[in-house]
Amino acid sequence: MKIKRISYDFSVCKVSDYSQVDLDSEFCFTGKTDEENSLVCITDNIPQNTVECDNGWKAFCIEGVLDFSLIGILAKISSLLAENGIGIFAVSTFNTDYIFTKEENYEKALNVLAEGGYKIV
């Protein structure tokens, strides 16, 4: 399985609403609950109506389209990284999964995955 690097810096934000979010950005992940409006975006695209923000995230994704019947892909990746002391958060889309680590752990995470048999592209 191939892991694709994503070259942008990301931020995890809480926004008052989505009116200022650049939905045309190459990467933009939103989540809404009864308590918050969350946004993961390229750091250069942080909207002005951000209430809280955590910068310094990097990302990679599983290359290709994953069928919903596939089981355990994200679990295996997260387990390998957890065993090596690397915290993550993941965002799943219709096509694939995106995995975020803090910038200081990014290269280590990719090395761990390469040693675990994943091809890094």
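**Exercise 1.** Determine how many of the residues of strand β6 are buried, and which strands pair with β6.

*Solution.* Strand β6 (residues 97-102) has five of its six residues buried. Buried means under 20% relative accessible area, exposed over 50%, and partly exposed in between (1.4 Å probe, protein chains only). Strands are DSSP runs of E of at least two residues, numbered from the N terminus.

This is a predicted model, in which local features need pLDDT of at least 70 and side-chain atom pairs count only at pLDDT 80 or more, while totals for chains, interfaces and linings use all residues. Residues are numbered from 1 along each chain as its sequence is written, and side-chain values use heavy atoms, without hydrogens and water.

Next, take the pairing, which requires at least two DSSP bridges between two strands. Strand β4 (residues 50-62) pairs with β6 in the antiparallel sense over five bridges, and F60 has I99 as its bridge partner. Strand β5 (residues 89-92) is joined to β6 by four bridges, also antiparallel, with F89 bridged to F100. A hairpin with four residues between the strands is formed by β5 and β6.

**Exercise 2.** Classify the ring pair of Y8 and F27.

*Solution.* Rings of Phe, Tyr and Trp (its six-membered ring) pair if their centres lie within 6.5 Å; planes under 30 degrees apart count as stacked, over 60 as edge-to-face and the rest as tilted. The whole structure holds nine aromatic pairs. For Y8 and F27, the centres are 5.9 Å apart and the planes at 65 degrees, an edge-to-face pair. Y8 is in strand β1 (residues 2-15) and F27 in the loop between β1 and β2 (28-32), so the pair ties together parts 19 residues apart in sequence.
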